[in-house]
Each structure stands twice: as structure tokens, then as C-alpha cells.
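Have the sequence and the structure open as you read.

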Amino acid sequence: MVDFSGWDMPVEYPKYGGLTKEHLAVRTGVGVFDVSHMGDIRVHGPQALAALQHITMNDASKMAVEQCQYSAMLYPEGTFVDDLIVHKMADDDYLLVINAGTREKDVNWVTGNTRQFDCEVENLSDKYTQIAIQGPKGVATLQKLTDADLSKVKFYCFTYGTVCGLPDTLIARTGYTAEDGFEIYLSSDEATSTRVWNEVLKAGEEFGILPCGLGARNTLRLEGALSLYGHEISDSINVWEARLDRFLKMDKGDFIGREALEKAKAAGVKHTLIGLEATERGIPRDGYQVTDLNGNEIGYVTSGSPAPFLKKNIALAYVPAQHSALDIEVAVACRSQAVKCKVVAIPFYKRSRKQS
Amino acid sequence: MAFPAELKYTKEHEWLKVDGNTGTIGITDHAQNSLGDIVFVELPKVGTEITAGQSFGSVESVKAVSDLYAPISGTVTEVNEVLNTSPEEVNKDAHAAWMIKVTLKDPSEVSKLLSAADYEKFASEEGGH
């Protein structure tokens, strides 16, 4: 167990086979994660939408009820307060799912920057146990436990249903694994949480379900090149650099960070996120230096690891834009040796979009 | 978990087998078990001088890098090249998957290492795995 932002969490479940098996279970079958550490903020009231439009970079006005949207809250500098998933419960009611490590900062940020709007901000983080059921067999696993017709729930949408006898449970087709799957939100009491966890494990037994820890969560999201706060995104990295501009809607009206991002774009983006794949023996890891082939430092690795499904050693890194073209060769200073890597397209892994 | 009685141990989870003036070094079953799937082993070249208590290489699982610490001082005479291509051998049998062999510089250092019983006690107290 490790301390993760104050949560006592398993890196892996060795008794069930450990990180690599957990990772592969999610890619080929199904895995279940306890992600109750994620924070939850409800914004509701007549001006909830206007408030959200002001504090997030994506266009929440485009959302339908029971839809989810990946977005981020930005500082005036165009850098990240946090990334998040917005859930539209009703026209005047939204649920923001945020990171554990930034929970307090996020709650203060949302509260502090929505005062001018007629809406209420509630921190519901401790009210929910959040369980993620991820993988191609996620839908078949969860379907056994609910009356909701999951085949009707599209990716990045949600519904309500009775799950393990618990009525009106929020069931979202979201996740952080670059795989199909669901995240369900239950009352956080321990007996209920434990019972549902065990029922999910039982339901997934025929598909080889494994409980998955933080380690697999990290390698799965890395294969999908999904950003992690404090690594690919932070208060010193802007949206262009992080290559998250497909979620940035500059034309939706004013919002915090917009002006700085307009200027940053006009000035030219100097650093950019790239994908790297080691072309010789060695494992690039978080914080290692990236150099050119002459050994001159040009950047740093934000996340690096062996990729259990791809069976390659991969990394995300920041480098100057002129080193970011595909197939450029660079090196990563892996402890005692410089390991050659080439720039590759991200995401490293992309699932086929066929849904059951 | 195995703690062979004929081996000596460090608190950093290496084992040492002494045969005359030659020492064979690896990591313990307890260590491989807590590291998880081992995917990379970095070892010194033959001829390298290693010093008791100092790092002589590293072992990497998917989740982390760990230094390898020399139980004793000496000169590397042999390296288990199999681990370059099959690092998972360490998970299969940590006591068979030796890493390096050295010529002991000072055999009296051996007496400073832990016995199997003491190491087992130490490992269980460290616990958590």
C-alpha cells in the first residue's frame, strides 16, 4: 500500500498476479479499480452553466443531459488548475469529477471563481465510493448487476440504474484506461462499498476479472497517453504545450486563461509534449532528462514506463518544438546510460471503437 | 518464501553465496516478490571493482527502479548475461538467477552479513508485502 494524496492505496494486487496481469486483464477482458480517491464537485443553480463556461476550457453549452465532457480548469496564465470530467445532470446541475491530489485547491478554485454567478458549489467528494469497471468485458460484467440497458449508454455518456440493489446509481461510460468501461458512483459507506466491490468481482469471474491498483492505472493511461496532473499537465504547462487543444474551445466566449492562450499561440508554442519509444535496452522513467544525440539536455520525461500490453518501453516528454517531429531520434539519460529513443505518435495505444 | 540457510544476506535484500574466494550475488526471493514483474536488470562489466554497501547495478520492475547493493567488496569475474534477455528468471527463482560473481577482496566482510534466520526476521518485520 502507498500513501496517495492521503489515501491508502494498493499499487498492485500481488495475490491476483500483480501489475502486468492487471494491465492485460483490462486490455483483453475486464479489471476493477477502486477510484474513490477522485473528488466530486457539484455546481448547480440558475447560472451553473455560465459559471462552468467561465472556469473550464471546453464548451459545456454543447452538452446534452446525461453526457460527460473532458475539460480542464485553467489559471489566467493558461496553465492547469486541474483536468476533470463534467457530467451534465440537468440544465442547471453539473457534477465535476476531479483529481485527488488537487481536491482542496480545486474546491477553493471553483468556489472562489463562481461567486459572481447565481449557483451553489458543493464538495461531494466524501459522499461517493467510485468504482471503475474497465475493459472490453466491462459492459458484460456490469450488465449482470444492473437493470439499466448499458448498450444504450454511449462512450462519455451516463445513465442511472439500480446496481447491486442500489437504486438511482450513476453509471458513466468513462474511465482512465484508454479502454471501454464504466465508472459507478455509490454511497461511500464501507459495507455497501465492500459488497458492491465483491459483487463486481463475482460478476466478472467468467471473464477473468482482476482487481487493479494504481500501478496498472498508471501504465494503462500512459499507453493511451492520457494526461496525469503533476506530470503532463501542471500550473507551469499550458494547453497548447500539453496538446489538449482539441478540448479547448477558444470561440465559446471568454473564460479564465483564454487571453493568455491567445497570446501564447500568437507567440508560437516553444515546448511540446511528445511520445517516445526506446529503440534500445533501457526504460525511460518520470523525471529523466531527454538529450539530443550529442548529449545536450533538451527536455524531460513526464511519465515513462514499460508498457505491458505494447511490450515496449515508452515515455511522454516535453521538448522544444523543433525536436518534436515523428521519427526524430533523441536519447533519455537512464541512470548510467543514454538510451536511444525515437519520437512516435501518441496515443501509443488506441482501442478499436467497436462497442458491444 | 525461501530463505536458504547456506546464504548470507543484506538488509537491502541481496544474497551472497561464498565458495572459497568467490562470491555469487543475487537478490532475495522476498525482494523479487515485493518488486513484482522484473523487466530489466543492469549489471556491471567483468573487471569492475565493487564496494560493500555501494550500488553495483539496478533491477527494474514495471513500477519502479531499485539499486543493487554489494554485500561485499571485490572484482567482478562473471556476469549472468541470461538476465539481459530474460530478466523474469529472477521472479521464477531468485536464488538460481544469480547476477554477478566476484573475487572477494576482504573475506572478513562476510561475517558482517545477516544469517538466513536474521534476514527472515528482518524481512518479516519490514513486512507490508
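Two strands count as paired if DSSP finds at least two bridges between them. Helices (H or I, at least four residues) and strands (E, at least two) are DSSP runs, numbered from the N terminus.

## Ground rules

This is a predicted model, where local features need pLDDT of at least 70, side-chain atom pairs count only at pLDDT 80 or more, and totals for chains, interfaces and linings use all residues. Residues are numbered from 1 along each chain as its sequence is written, and chains are lettered from A and ligands numbered from 1 in the order in which they are written.

## Hairpins in chain B

Let's start with chain B, where strand S1 (residues 8-9) and strand S2 (residues 14-19) run antiparallel and are joined by 2 bridges. Lys8(B) has Leu16(B) in S2(B) as its bridge partner. The two strands make a hairpin with 4 residues between them, and His13(B) in the turn has a positive phi of about 80°.

S2(B) also pairs with strand S3 (residues 22-27) of chain B, antiparallel again, over 6 bridges. Here Asp19(B) sits opposite Thr22(B) in S3(B). This hairpin has 2 residues between the strands, with Gly20(B) at a positive phi near 65°.

## The sheet in chain A

Over in chain A, 5 strands form an open antiparallel sheet in the order S5-S6-S7-S4-S8. Strand S5 (68-74) and strand S8 (120-123) of chain A each have a single partner strand, so one side of each is left without a neighbour in the sheet. From one strand to the next, the twist averages 30°. S5(A) and strand S6 (residues 80-90) of chain A run antiparallel and share 7 bridges; Ser71(A) is opposite Leu84(A) in S6(A).

Two helices lie across these strands. Helix H3 (residues 103-113) of chain A lies across S4, S5, S6, S7 and S8 of chain A, at about 10° to S4(A). Axes are lines fitted to C-alpha atoms, for helices over the stretch in contact, and angles run from 0 to 180 degrees between N-to-C directions.

## Where the chains meet

Between the chains, 9 residues of chain B are in contact with 14 residues of chain A (C-beta atoms, placed from the backbone, within 7 Å). On the chain B side, the elements giving two or more residues are strand S4 (38-42) and strand S6 (55-61) of chain B.
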